[in-house]
Amino acid sequence: MGSIKQIVCICLIWSLCFFLPPMMTTAEECSSIRLYADGNGAFYALRSAGAMNTVECYRRSSRQTVGTPEAANAFGLVTDGNEVFLMSRHSGQFCLYAPKSRETALLGSVCPTEDQIVITPDRIVYLTENGKDTTIFRYTNLCENESAVTSPYKIIRLFLSESGNACALTEKGLFLPETGAFISCDVPAMPFSLNQGFCGDRNGNLFRFDEQNGFQKLLQTDNAPLFHAEGALYSYQKDRVIRMDMQGNVDGYFETGDDPILSFAVSGDDAALICKEECRILHSSDFVPVTSSEPSKEPSHVSSEPSIPASKPSDTSLPTTDSPSPSSVTEVPTDGHFYLKSSSYHIEGDLISNIPIGTTAAVLKKGLDHPDCALSFTDHNGKSFLYGTLGTGACLCFSNDRETKRYYTIVKGDLSGEGNVNTLDLNTAAKYLVKKQELSDYALFAGDLDNDGKLTVKDLCRLQSAYYRYGKTLPKDIFCHN
């Protein structure tokens, strides 16, 4: 009898050993989902299940599965703003796989983490490795022409700026691997989120960011981690998202019930979360407002750090105007399928003008009222971009299922199309006046500062006077409303 019991026990143990590992593996494979953002209004959810991975793209009005690549050991995702790339390792080699185009790039034995790699819109890969704290490797066309550049300080993280350039956060400030320039500045705590010229970090700090000055600390709140989108600040804790104004004061909250927030991100004007393995983009109506009679359970504290003024900074906000009357709203009627209007900018024909110097693509988009449709940007050279400053001659292409409309930007004083006013614009105007250089119609429009229909010596003198008086501090709206 004893021997029969022993045989039964042995069979039971053997059965458990045979069936249990596959069951555990399946559970582990189905539990991985992470949220990523491209900074231009798109969110990507990476769902991993062993060798099968799906990348789902979410926007405010749509959801799309980018692909189901058979990429074993995928551990992260990186985007250049236009396309997503899965990060994985195969036989000891680091691999980038694009689900949309099914393109694969092998970069040898390097082993970067998600914070140690960026891909620019020009398909240039920058990456660094553990154990090589100051070396940044550079590959053109995803995996060709390897070279290296050395940072003066230990690299904490690589990231893509809103103008599409690779940047390296170091212990002492910002390093630009393309030019070799180093900027001593504040350093946000990891991880941090960069969106629309503002950076929030895990400690509740808010920074302003640009490639000329690096990170400049603005304020600190008690709510962390901190994110910025659509002129508001966000933070999340367990099952609650907290929304704050630009001074760090809590003005609303959103609760998921008993379901924990698995991942949170911001992209362009939107904030999104992963809860119960589903992505949800948050609307302003989703938030319960906090009033004086209903104090927030998560009080905010603003530190003595320099704070943001009551109106948003001019380099990231819309031009401040009074409430527009009906006559101040410019509109372009078309054939009934599409319209474009704005209370901040002037629209006539296919031109959008009255744009302050330094206006970004995200800010301009917020100042335009148009139907729900796809919007893409190209600069004056026809090169696609998603972030950064708009210059004269940039094209906005609006598309829906019926038609496509294109509009072109005019930034007064910016003849070169770079989005700012400098000596290049002065030289361009001077060469045109002595007939040594031809200019596009858009550049001529931008150089006509007195609005007499032509670019003359009078316009050049006015441009010179403004530039030599203000230099880099040229008021952004100096040539608007002429």
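Visitor: What should I know about the model before we start?
Guide: It's predicted, so local features need pLDDT of at least 70 and side-chain atom pairs count only at pLDDT 80 or more, while totals for chains, interfaces and linings use all residues. Residues are numbered from 1 along each chain as its sequence is written, and side-chain values use heavy atoms, with hydrogens and water left out.

Visitor: OK, strand β23, buried or exposed?
Guide: Five of its five residues, 240–244, are buried, so β23 is largely enclosed by the rest of the structure. Buried means under 20% relative accessible area with a 1.4 Å probe, protein chains only; strands are DSSP runs of E, at least two residues, numbered from the N terminus.

Visitor: Which way do the residues of β23 point?
Guide: Arg240, Ile242 and Met244 go one way, Val241 and Arg243 the other.

Visitor: Which strand do five bridges join to β23 on the β22 side, and how do they run?
Guide: That's β22 itself (residues 232–237), antiparallel to β23, with Tyr236 opposite Val241. Strands pair if DSSP finds at least two bridges between them.

Visitor: And β24?
Guide: Five bridges again join β23 to β24 (residues 250–255), antiparallel, and Met244 stands opposite Val250. In that hairpin, with five residues between the strands, Gly248 takes a positive phi near 90°.

Visitor: New topic: what volume has the second largest pocket?
Guide: About 1100 Å³.

Visitor: Which element gives the largest share of its lining?
Guide: β25, with five residues.

How values were computed. Buried < 20%, exposed > 50% of the residue type's maximum accessible area, 1.4 Å probe, protein only. Helix = DSSP H or I, 4+ residues; strand = E, 2+ residues; numbered from the N terminus. 1 Å grid on protein atoms, 1.4 Å probe; cavity = no way out; pocket = protein on both sides within 12 Å on 5 of 7 lines; lining within 4 Å. Points joined across faces, edges and corners; volume = space filled by probe spheres on them.
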